[in-house]
Amino acid sequence: MPSNLPSSEPAVPKRDAQFVRVAETQREALSFFIDGHEATALQGDTLLTAVLMQQRRVRESEFSGAPRAGFCLIGACQDCWMRTEEGMRLRACSTLVTQGMRVVTRFAGTACVTASAASAASAAAAIGDPQ
Ligand code: FES
(Lines give C-alpha, C1' and ligand atoms only; values in the text may rest on other atoms or scores of the structure.)
Protein backbone atom coordinates (compact mmCIF):
# COMPACT_ATOMS: atom_id res chain seq x y z
CA MET A 1 0.00 0.00 0.00
CA PRO A 2 1.41 3.42 -0.97
CA SER A 3 2.51 5.57 1.90
CA ASN A 4 3.24 9.25 2.21
CA LEU A 5 5.39 8.59 5.25
CA PRO A 6 9.14 8.87 4.90
CA SER A 7 10.82 5.66 3.84
CA SER A 8 12.70 3.71 6.48
CA GLU A 9 15.54 3.61 3.96
CA PRO A 10 18.05 6.41 4.42
CA ALA A 11 17.84 9.08 1.72
CA VAL A 12 20.90 8.65 -0.46
CA PRO A 13 21.53 11.76 -2.51
CA LYS A 14 22.18 11.21 -6.18
CA ARG A 15 25.56 12.55 -7.08
CA ASP A 16 25.26 16.20 -8.10
CA ALA A 17 21.49 16.31 -7.45
CA GLN A 18 19.98 19.46 -5.90
CA PHE A 19 17.05 17.66 -4.23
CA VAL A 20 16.84 14.48 -2.16
CA ARG A 21 13.50 12.65 -1.91
CA VAL A 22 12.66 11.92 1.72
CA ALA A 23 8.91 11.20 1.49
CA GLU A 24 6.25 9.85 -0.87
CA THR A 25 8.70 7.33 -2.28
CA GLN A 26 6.00 4.79 -3.16
CA ARG A 27 4.40 6.67 -6.08
CA GLU A 28 4.60 5.03 -9.52
CA ALA A 29 7.80 5.67 -11.47
CA LEU A 30 7.98 7.18 -14.95
CA SER A 31 10.80 8.01 -17.33
CA PHE A 32 11.55 11.29 -19.06
CA PHE A 33 14.52 12.83 -20.88
CA ILE A 34 16.83 15.72 -19.93
CA ASP A 35 19.06 16.87 -22.80
CA GLY A 36 18.52 13.47 -24.42
CA HIS A 37 19.44 11.45 -21.33
CA GLU A 38 16.78 9.19 -19.82
CA ALA A 39 15.91 9.89 -16.18
CA THR A 40 13.37 8.60 -13.69
CA ALA A 41 10.76 10.56 -11.74
CA LEU A 42 7.63 9.70 -9.79
CA GLN A 43 4.03 10.34 -10.88
CA GLY A 44 2.95 13.70 -9.48
CA ASP A 45 6.43 15.24 -9.43
CA THR A 46 6.72 18.71 -10.85
CA LEU A 47 9.21 19.02 -13.67
CA LEU A 48 11.37 21.10 -11.32
CA THR A 49 11.45 18.33 -8.72
CA ALA A 50 12.07 15.67 -11.35
CA VAL A 51 15.01 17.54 -12.87
CA LEU A 52 16.56 18.66 -9.59
CA MET A 53 16.42 15.07 -8.34
CA GLN A 54 18.92 14.40 -11.16
CA GLN A 55 21.13 17.49 -11.28
CA ARG A 56 21.73 20.95 -9.81
CA ARG A 57 20.15 23.16 -12.50
CA VAL A 58 17.06 23.33 -14.72
CA ARG A 59 18.67 25.56 -17.33
CA GLU A 60 21.44 27.96 -18.11
CA SER A 61 20.67 31.66 -18.18
CA GLU A 62 20.18 32.92 -21.72
CA PHE A 63 22.00 36.12 -20.68
CA SER A 64 24.99 34.99 -18.63
CA GLY A 65 25.10 31.22 -19.12
CA ALA A 66 24.95 30.83 -15.34
CA PRO A 67 23.10 27.79 -13.96
CA ARG A 68 19.53 28.40 -12.73
CA ALA A 69 17.57 26.09 -10.43
CA GLY A 70 14.37 28.00 -9.67
CA PHE A 71 13.92 30.21 -6.63
CA CYS A 72 10.35 30.55 -5.36
CA LEU A 73 9.04 27.06 -6.31
CA ILE A 74 5.51 28.53 -6.51
CA GLY A 75 5.32 30.03 -10.00
CA ALA A 76 6.20 33.61 -9.12
CA CYS A 77 9.88 34.26 -9.89
CA GLN A 78 10.21 33.05 -13.53
CA ASP A 79 13.57 31.44 -12.73
CA CYS A 80 12.64 27.89 -13.69
CA TRP A 81 11.71 28.17 -17.37
CA MET A 82 12.70 25.12 -19.38
CA ARG A 83 11.93 24.12 -22.95
CA THR A 84 10.79 20.95 -24.59
CA GLU A 85 12.93 19.59 -27.41
CA GLU A 86 10.38 21.24 -29.75
CA GLY A 87 11.02 24.65 -28.14
CA MET A 88 7.84 25.04 -26.08
CA ARG A 89 8.50 26.93 -22.84
CA LEU A 90 7.46 25.27 -19.59
CA ARG A 91 7.56 26.71 -16.08
CA ALA A 92 9.14 23.74 -14.33
CA CYS A 93 7.75 24.43 -10.86
CA SER A 94 4.13 24.43 -12.04
CA THR A 95 4.29 21.71 -14.72
CA LEU A 96 3.92 18.04 -13.87
CA VAL A 97 6.50 15.74 -15.45
CA THR A 98 4.92 13.14 -17.73
CA GLN A 99 5.98 9.79 -19.13
CA GLY A 100 8.31 10.32 -22.09
CA MET A 101 8.55 14.12 -21.66
CA ARG A 102 11.67 15.49 -23.38
CA VAL A 103 13.17 18.73 -22.04
CA VAL A 104 16.37 20.64 -22.66
CA THR A 105 18.42 22.86 -20.37
CA ARG A 106 20.29 24.76 -23.08
CA PHE A 107 18.34 27.03 -25.39
CA ALA A 108 20.87 28.08 -28.05
CA GLY A 109 19.43 27.50 -31.49
CA THR A 110 16.07 26.40 -30.10
CA ALA A 111 13.02 28.11 -31.53
CA CYS A 112 10.93 29.83 -28.89
CA VAL A 113 7.35 28.64 -28.78
CA THR A 114 5.39 29.70 -25.74
CA ALA A 115 2.86 27.38 -24.17
CA SER A 116 0.07 29.80 -25.04
CA ALA A 117 1.17 29.98 -28.69
CA ALA A 118 1.32 26.19 -28.89
CA SER A 119 -2.09 25.94 -27.23
CA ALA A 120 -3.56 28.46 -29.66
CA ALA A 121 -2.10 26.56 -32.61
CA SER A 122 -3.46 23.22 -31.40
CA ALA A 123 -6.86 24.77 -30.59
CA ALA A 124 -6.98 26.32 -34.06
CA ALA A 125 -6.07 22.98 -35.63
CA ALA A 126 -8.80 21.25 -33.61
CA ILE A 127 -11.48 23.54 -35.05
CA GLY A 128 -10.00 23.61 -38.55
CA ASP A 129 -8.88 27.26 -38.39
CA PRO A 130 -5.72 27.80 -40.51
CA GLN A 131 -4.91 30.95 -38.37
S1 FES B 1 10.73 28.52 -9.30
FE2 FES B 1 9.89 30.52 -9.35
S3 FES B 1 8.51 30.47 -11.04
FE4 FES B 1 9.28 28.43 -10.88
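This report walks through the fold, the sheet, the core and a few individual residues of a predicted model.

## Overall layout

Let's start with the parts list. The protein has two helices and seven strands. Reading from the N terminus, they come in the order β-β-α-β-β-β-β-β-α.

Of the 131 residues in the protein, 19% are buried. As for how the chain folds back on itself, take the contacts with a separation of 6 or more: 44% of them link residues 24 or more positions apart.

## The five-stranded sheet

Five of the strands make an open sheet, ordered S2-S1-S7-S5-S6, and the pairing in it is mixed. S2 and strand S6 (89-91) sit at the edges; each has a single partner strand, so one side of each has no neighbour in the sheet. On average, neighbouring strands here are turned by 45° against each other, direction ignored.

Now for the individual pairings. Strand S1 (residues 29-34) pairs with S2 in the antiparallel sense, over six bridges. On its pairing with strand S7 (residues 102-104), S1 runs parallel, and there are two bridges. Phe33 is a handy landmark for both: Phe33 stands opposite Glu38 in S2 and opposite Arg102 in S7. Further along the sheet, strand S5 (residues 81-84) and S7 run antiparallel and are joined by two bridges. Thr84 has Val103 in S7 as its bridge partner.

## The hairpin turn and Asp35

S1 and S2 form a hairpin, with two residues between them. Asp35 lies in that loop between S1 and S2, and its phi is positive, about 50°, although Asp35 is not a glycine.

Is Asp35 buried or exposed? Asp35 has 12 other C-beta atoms within 10 Å, so it is exposed; the cut-off for that label is 12 or fewer.

## The nonpolar core

The largest nonpolar core holds 17 residues, and Leu47, Leu48, Ala50, Val51, Val58, Met82 and Ala92 touch the most other members. Helix H1 (residues 47-52) supplies the largest share of this core, with five residues.

Setting aside residues up to four places away in sequence, Leu47 touches Met82, Leu90, Ala92, Thr95, Val97 and Val103. Some of these turn up elsewhere in this report: Val103 is the bridge partner of Thr84, while Met82 and Ala92 are among the core residues that touch the most other members.

## Two loop residues to look at

Gln43 sits in the loop between strand S2 (37-42) and H1. Which residues does Gln43 contact, leaving aside neighbours within four places in sequence? They are Arg27, Glu28 and Leu30. Gln26 is 17 residues away from Gln43 along the chain, and their C-alpha atoms are separated by 9.7 Å. Gln43 counts as partly exposed because it has 13 C-beta neighbours inside 10 Å.

Leu73 is in the loop between strand S4 (67-68) and S5. Its phi is near 65°, a positive value in a residue other than glycine. Why does Leu73 count as partly exposed? Leu73 has 17 C-beta neighbours inside 10 Å, and a residue needs 20 or more to be buried.

Note on methods: Residues numbered from 1 in each chain as written. Predicted model: local features only at pLDDT ≥ 70, side-chain atom pairs only at ≥ 80, totals over all residues. Core = buried A, V, L, I, M, F, W, Y, C linked by C-beta atoms within 7 Å. Helix = DSSP H or I, 4+ residues; strand = E, 2+ residues; numbered from the N terminus. Contact = placed C-beta atoms within 7 Å. Pairing = 2+ DSSP bridges. Axes fitted to C-alpha atoms, helices over the stretch in contact; angles between N-to-C directions.
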